[in-house]
Amino acid sequence: QVQLVESGGGLVQAGGSLRLSCAASGHTLSDKNMGWFHQAPGKEREFVAAISSSGSITYYADSVKGRFTISRDNAKNTMYLQMTNLKPEDTAVYYCTEVNWGTGDPIGSWGQGTQVTVSS
């Protein structure tokens, strides 16, 4: 079973940037469609972005289009989320997991997440 570890979160001012990483062990990610989700305090976990197993297709939640970029390096068994022009409403714990490509629903296990805090 794949284990996922998210990292790269932190405290940043509005307009700043962060790059999140999702490192996998125990199984290759190269055959999995993957996604990022976030969960703000008091809210449900929400979809942020997804990437196909080859990395050739991506899609994003409307709230992050044009600001976030999802990518992956299958040779390193790692996925990334480049976040730019961050806004206070992006504050949340960010998680990565495998997704169902047809629905975007998460279907894999969750890591511990990484906290992103954006100050105004």
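Strands β4 (residues 34-39) and β9 (residues 92-98) are antiparallel partners, with six bridges between them. Keep in mind that this is a predicted model.

**Exercise 1. Work out the strand order of the four-stranded open sheet and name its edge strands.**

Step 1. Start from β3 and strand β8 (residues 78-83): they run antiparallel and are joined by six bridges. For a landmark in this pair, Ser 21 sits opposite Tyr 80 in β8.

Step 2. β1 (3-7) and β7 (68-73) pair on one side only, which makes them the edge strands.

Step 3. On average, neighbouring strands here are turned by 15 degrees against each other, ignoring direction.

**Exercise 2. Which cysteines form the disulfide, and what is its handedness?**

Step 1. There's one disulfide to look for. Cys 22 and Cys 96 are the pair, with an S to S distance of 2.0 Å, and the cut-off is 2.5 Å.

Step 2. Locate both ends: Cys 22 belongs to strand β3 (residues 18-25) and Cys 96 to strand β9. They are 74 residues apart, so to speak distant parts of the chain that the pair links.

Step 3. Turn to the torsion about the S-S bond. For Cys 22 and Cys 96 it's about 75 degrees, so the disulfide is right-handed.

Step 4. Are these cysteines buried or exposed? Both Cys 22 and Cys 96 are buried, the cut-off being under 20% relative accessible area.

**Exercise 3. Describe the largest pocket: its volume, the residues closest to its centre and the make-up of its lining.**

Step 1. Begin with the volume: the largest pocket holds about 180 Å³ of space.

Step 2. Its lining has 13 residues, and those closest to the centre are His 38, Lys 43, Glu 46, Glu 89 and Asp 90.

Step 3. Sort the lining by type and you get six charged, three polar and four nonpolar residues.

How values were computed
Residues numbered from 1 in each chain as written. Predicted model: local features only at pLDDT ≥ 70, side-chain atom pairs only at ≥ 80, totals over all residues. Heavy atoms only, no water. Pairing = 2+ DSSP bridges. Helix = DSSP H or I, 4+ residues; strand = E, 2+ residues; numbered from the N terminus. Buried < 20%, exposed > 50% of the residue type's maximum accessible area, 1.4 Å probe, protein only. Axes fitted to C-alpha atoms, helices over the stretch in contact; angles between N-to-C directions. 1 Å grid on protein atoms, 1.4 Å probe; cavity = no way out; pocket = protein on both sides within 12 Å on 5 of 7 lines; lining within 4 Å. Points joined across faces, edges and corners; volume = space filled by probe spheres on them. Nonpolar A, V, L, I, M, F, W, Y, C, P; charged D, E, K, R; others polar.
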